[in-house]
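Subject: Model handover

Hello,

Here is the structure we talked about. My notes follow below it.

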Amino acid sequence: MPVALITGASRGLGLSLAHGLAERGWTLVVTARGGDELAWAAADLRTETSVVTVTGDVSDPGHRRELARTVAGLGGLDLLVNNAGTLGVSPLPPIAEYPAADLESVFRINTVAPLALVQALLPQLDAAKGTVVNITSDASVEAYPGWGGYGASKAALDHITGTLAAENPGIRFYAVDPGDMRTVMHQDAFPGEDISDRPEPGTVVPALLALLDRRPESGRHRASDFTESDFTESGITESDLRVSADSTSDSPAVPVPTSVEELS
């Protein structure tokens with residue numbers, strides 16, 4: 001069975017995608033900072049497939065080495081999903097007032113950590129002619145007040161994704177903008193506001209599955225650009241769509257650090 005490593009997999013988009021892949025029989029390595037929440041997520045996923053959990057912070061070099069060892073123990077890696085990330089300062093400040101130390105942290109988590117994880121796993125990905133999905137944002141290509149720090153980190157990730165693709169033609173590298181979603185991190189961006197009009201993360205999963213099935217040339221994609229015909233052409237079934245609709249960001253009320261969350 002193919003093996004996928006998903007960061008930020010205890011809730012939100014990471015967990016929803018994990019369910020979509022589990023339904024297809026993928027072996028999963030899932031990681032997140034919150035051990036209790038990750039354990040809850042893995043217990044649910046294990047009803048569908050084989051799951052290995054590795055609790056830790058993707059910005060920690062020791063944690064990345066542990067992930068590489070774990071994947072090697074499974075015989076290799078077919079898919080890396082860099083989903084974990086941080087919003088940064090909340091409420092969102094103007095970029096001219098962004099504390100330098102906080103901005104460095106945003107880049108360390110959103111930009112440096114995904115690249116460092118690719119570097120650690122590149123031999124295994126190359127051997128499998130694998131795929132890397134880096135979750136990005138429309139804030140990487142559009143200038144929104146308050147989103148300068150986060151958007152800049154994602155713009156850098158977009159560029160890194162394209163450069164990795166140019167340098168490693170045997171691997172597919174995708175930067176994927178999932179659009180607005182109803183996640184903890186998106187709520188942190190709008191404290192006190194009602195974001196219930198945003199779609200659940202599971203609604204993005206069919207687009208990601210279609211991308212993985214069709215495996216086009218490396219590049220940047222928006223989930224909103226995928227249509228029902230794309231799903232039909234890639235063989236996505238009613239079961240896939242049901243799993244996506246049922247996989248939400250809800251989880252038991254356990255204390256989880258909010259500095260690193262699943263992306264919105």
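Aspartate 225 is partly exposed, at 44% relative accessible area. (Buried means under 20% relative accessible area, exposed over 50%, partly exposed in between, with a 1.4 Å probe and protein chains only.) Its partner in a salt bridge is arginine 222, at 2.9 Å from N to O. Arginine 222 is partly exposed too, with a relative accessible area of 41%.

Before the rest, the ground rules. This is a predicted model, where local features need pLDDT of at least 70, side-chain atom pairs count only at pLDDT 80 or more, and totals for chains, interfaces and linings use all residues. Residues are numbered from 1 along each chain as its sequence is written, and side-chain values use heavy atoms, with hydrogens and water left out.

Salt bridges

A salt bridge here is a side-chain nitrogen of Lys or Arg within 4 Å of a carboxyl oxygen of Asp or Glu. The count by this rule is 6.

Glutamate 217 pairs with arginine 172, with 3.4 Å between the closest N and O atoms. (Helices, H or I of at least four residues, and strands, E of at least two, are DSSP runs numbered from the N terminus.) Glutamate 217 is exposed at 58%, whereas arginine 172 is buried at 15%.

Arginine 33 bridges to aspartate 57, with the closest N and O atoms 3.5 Å apart. Arginine 33 is in the loop between β2 (27-32) and α2 (35-45); aspartate 57 is in the loop between β3 (51-55) and α3 (61-73), 24 residues apart. Arginine 33 is partly exposed, at 33%.

β2 and β3 run parallel, joined by 5 bridges. (Strands pair if DSSP finds at least two bridges between them.) Leucine 28 is opposite valine 51 in β3. With α2, the two strands form a right-handed β-α-β unit. (Right-handed: with the strands pointing away from the viewer, the path from the first strand over the helix to the second runs clockwise.)

Helix α1

α1 (12-23) has 12 residues and spans 17 Å from first C-alpha to last, close to the expected 16 Å. (Expected span: 1.5 Å times one less than the number of residues.) 11 of its 12 residues are buried, so α1 is largely enclosed by the rest of the structure. Among them are Gly12, Leu17 and His19. Just after α1, glycine 25 has a positive phi of about 90°.

Best wishes
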